[in-house]
Every structure is written in C-alpha cells, then in structure tokens.
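The following paragraphs lead the reader through selected parts of one structure. Please keep the sequence and the model at hand while reading.

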Amino acid sequence: EYALVPMLISPVRALILALPLAIVAACGKGPGPAGPPAPKVPVVTVASSDVPIYSEWVGQTRGEADIEIRARVSGFIEAIHFEEGGPVKAGDLLYSIDPSELEQTRAAAQAGVAQAQTLYADAASNLARYRPLAAMNAVSKRDLDEAVAREGAARNQVKAAEAQLRVAEINLGYASVRAPISGQIGISKVKVGDLVGPTSASLLNTVSAIDNVHVRFAISEREYLEYTRRFGGEVKPEGDPKAVPLQLVLADGVVYPHSGRVISIDRGVDPTTGTLQLEAAFPNPDRLLRPGLFARVRAATEQRSGAVLVPQRAVTEMQGRYQVFVLDKDNKVEVRAVETGPRIGGDWLIEKGVKPGDRLVLAGIQRLRAGMQVDPEPVVEPPVPPPASGAR
C-alpha cells in the first residue's frame, strides 16, 4: 500500500519540475529568423540632351600627291643622295645612275651633227654656184634641181642629227634622278650597284606631299541621296556654310584634331558595290598623318534634340532583343524591352522604352529578376565626351 505512493507522486513531481523549464523556454523564445537584406545595386537616372548623330565610314589616307620615282634610262645606281624616310625638296638629287654609256651616245650624236653640218655646207655651196650659172643657161635646169634637192636633204639631215643630240643630252640628264615635288620620301627600293632601267617594274621610290593628306572612302547610295537632298550634290568650297566638316578617327581611337572637307566626288556609283567614292582633305601641319593609314571618317549628319542616352553597360542583349532593368518607386526591379538607336561614345541612344527620370540598374544585372527588391546606390555618370564612334 505504501509502495504505491512513490509511483503516484513521481509523475506529479516530474510535471512540477518541468514547468519552470517550459516557462523559461517560452520566455526566451523571440521572433523567427530575418530574411537576407536587399542587394545593393548601382543606379543611374536617365536624362535627355541634344546630341549630334554621326555617320562613319572606313577610309585610307594618301598624300596630296604620291609620285612614283622610276628610272628612265638603263644603268647601275652609283649613289643615293637622300635620307630614307625624310623630307626632300623639288629638284633635289635623289639617285645617280652610271652615265658612261649615255656620255658615249651623246658624243656620237655630237659627231653626227658635225658631219651633217659639213654635208649641208657643201650642198649649200654647190647650190650657191649653180644658181647664177643656171640664170646664164650655163648649167641645165636638171642640174639646178638636183643641187636644190641635195641642199634640202642636207639641211634635214642636220635637223635630224641635232634632234638625236638633244635626245642623247636628255637621256644623260636622266642619269641624275631628281625629286619632282617637295614632300616625304620613302625607303629606297634599290641599293647602290643595282641595275635599273625604264621598265614598269623598275620603281626606285615614292615621294608624297603630305602638307595636306587625302582620305578616300565610300558611301552608300542611300547616304549619297540623303547628303544631296540636304546639302546639294556639288563639292562645297572651303568656308561655305553648307560644307559638312569631317572628323578623322585614328586607329588608336583618338579623334584627329584638324577637321577636313570633301574635295571630290566620283562621277558615278560603282555597280558592283553600290557605293560612291569620295575624297576628303585634312590639313597635316604636324605631319602626324602618313599615306596608307586606315582611319574612320565621321560626319555629324543629324542633330537629335531631347535624345535619351543610357550607358551601354545598362543594356543587355538576348537573341537580338535589348532590355534594361528599371526600378519602380518601391525599388522593385522591372525588366523592360527597349529599341536602340546608334551608339554615341559609351552610350546607347534609346528610341523607345525608356524616358527621362527612369532609374536604370548599371551592374549586377545577372542576379536580378523581375519584382525583386533592391537597395539602390545612385551613380552620377560623367558628361558624354565627343564620341569616338557613332556610325549608324
């Protein structure tokens, strides 16, 4: 009987002992675990501005005049009188060709002139004797005619011999190859001792006038028609308000500091390419430009007012479609499709889909999704510099 009492009391004691622990646990229990904080993302506010729209074409530079230096007589190169790659002036001696054979040819021509003059003097003397004798009928008319013919033939032989002498002297002069224009000369194609001659393959060097450098480039038929309707189809002289200033973007992306202008337009469109060739001139006072450079010719063909520009890094492309991530007033992400225009510097011109005042996410786009809450960090974009590319 007494043995049953501990068994009855034990559950009660266990409940009494457990009750404080439960109360303590209940008092120490707080709210559930908090979610992760909203990710921070850089955000830029869209603004509008007036910007020029550039069209761009690939061209190649050439000298204002590129003159090939060729040998006009055969012979061995005796000497080279210029610094390769340096400036030369018109008339400077460039190459000396061995004149030995040419001097002998001139000497033979001089002897030919002397012989012809002797024969002419004899024929003229005979004619002078025959004329008074013929007047007295001391000689026949036939003898007089023969004397006249011999005198005329001898006179013509003198002219022919003198012409041969002039040719010999001209060829001897060609042994001294001189610069036809002032400009920059290239590296010599021949060395001292090389045999040269008047063949198409015998190129000695090239001299280029580079005070002004020309650039040839091609535009499409559509661009030509737009240009003609806006500015007229004729080449505008320097200073004409309708002359479109051109810029030159060099291979390193730097815009050449001097503007150029169109100086010639080809007579017709090339039917194989559908393009029209133009040539522009750019001043080259510092002689930075050299012939053969590939460069981009650019012109502001349109002025866009109230254009919406957004950084290129804020625009993503997927299967040919462009989109941006826009934040609403509650800082939630909205994925919005946009239509892009030309690139202007590091920005896209947006034709449709974004308006001034919209906030765009600049980075961390890969981890965002529509409706996601974010913590925006405003970023102030620097002013748009003159674009290094802006072709349509």
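Arg287 counts as partly exposed because its relative accessibility is 34%; here buried means under 20% relative accessible area, exposed over 50%, and partly exposed in between, computed with a 1.4 Å probe on protein chains only. The model is predicted, so local features need pLDDT of at least 70 and side-chain atom pairs count only at pLDDT 80 or more, while totals for chains, interfaces and linings use all residues. Residues are numbered from 1 along each chain as its sequence is written, and side-chain values use heavy atoms, with hydrogens and water left out.

Arg287 lies in the loop between strand 12 (275-283) and strand 13 (294-311); strands (E, at least two residues) and helices (H or I, at least four) are DSSP runs numbered from the N terminus. Although Arg287 is not a glycine, its phi is positive, at about 55 degrees. Most residues other than glycine have a negative phi. Asn331, likewise not a glycine, has a positive phi near 65 degrees, and its place is in the loop between strand 15 (321-327) and strand 16 (333-344).

Helix 2 itself covers residues 100-135, 36 residues in total. From its first C-alpha to its last, helix 2 reaches 53 Å, close to the 52 Å expected at 1.5 Å a residue, where the expected span is 1.5 Å times one less than the number of residues. Its buried residues are Leu102, Ala109, Val113, Ala116, Ala123, Asn126, Leu127 and Ala134, and they pack against helix 3 (141-173).

How do the two helices lie against each other? Two packed helices are described by the angle between their axes and the distance between the axes. The axes of helix 2 and helix 3 come within 7 Å and cross at roughly 160 degrees; axes are lines fitted to C-alpha atoms, for helices over the stretch in contact, with angles running from 0 to 180 degrees between N-to-C directions. Helix 2 is therefore roughly antiparallel to helix 3, a description that applies to angles over 145 degrees.

Leaving aside neighbours within four places in sequence, Val158 is in contact (heavy atoms within 4.5 Å) with Ala116, Gln117 and Tyr120. Val158 and Ala114 are 44 residues apart in sequence and 8.3 Å apart in space, C-alpha to C-alpha.

How values were computed: Parallel < 35°, antiparallel > 145°, perpendicular 65-115°, else oblique.
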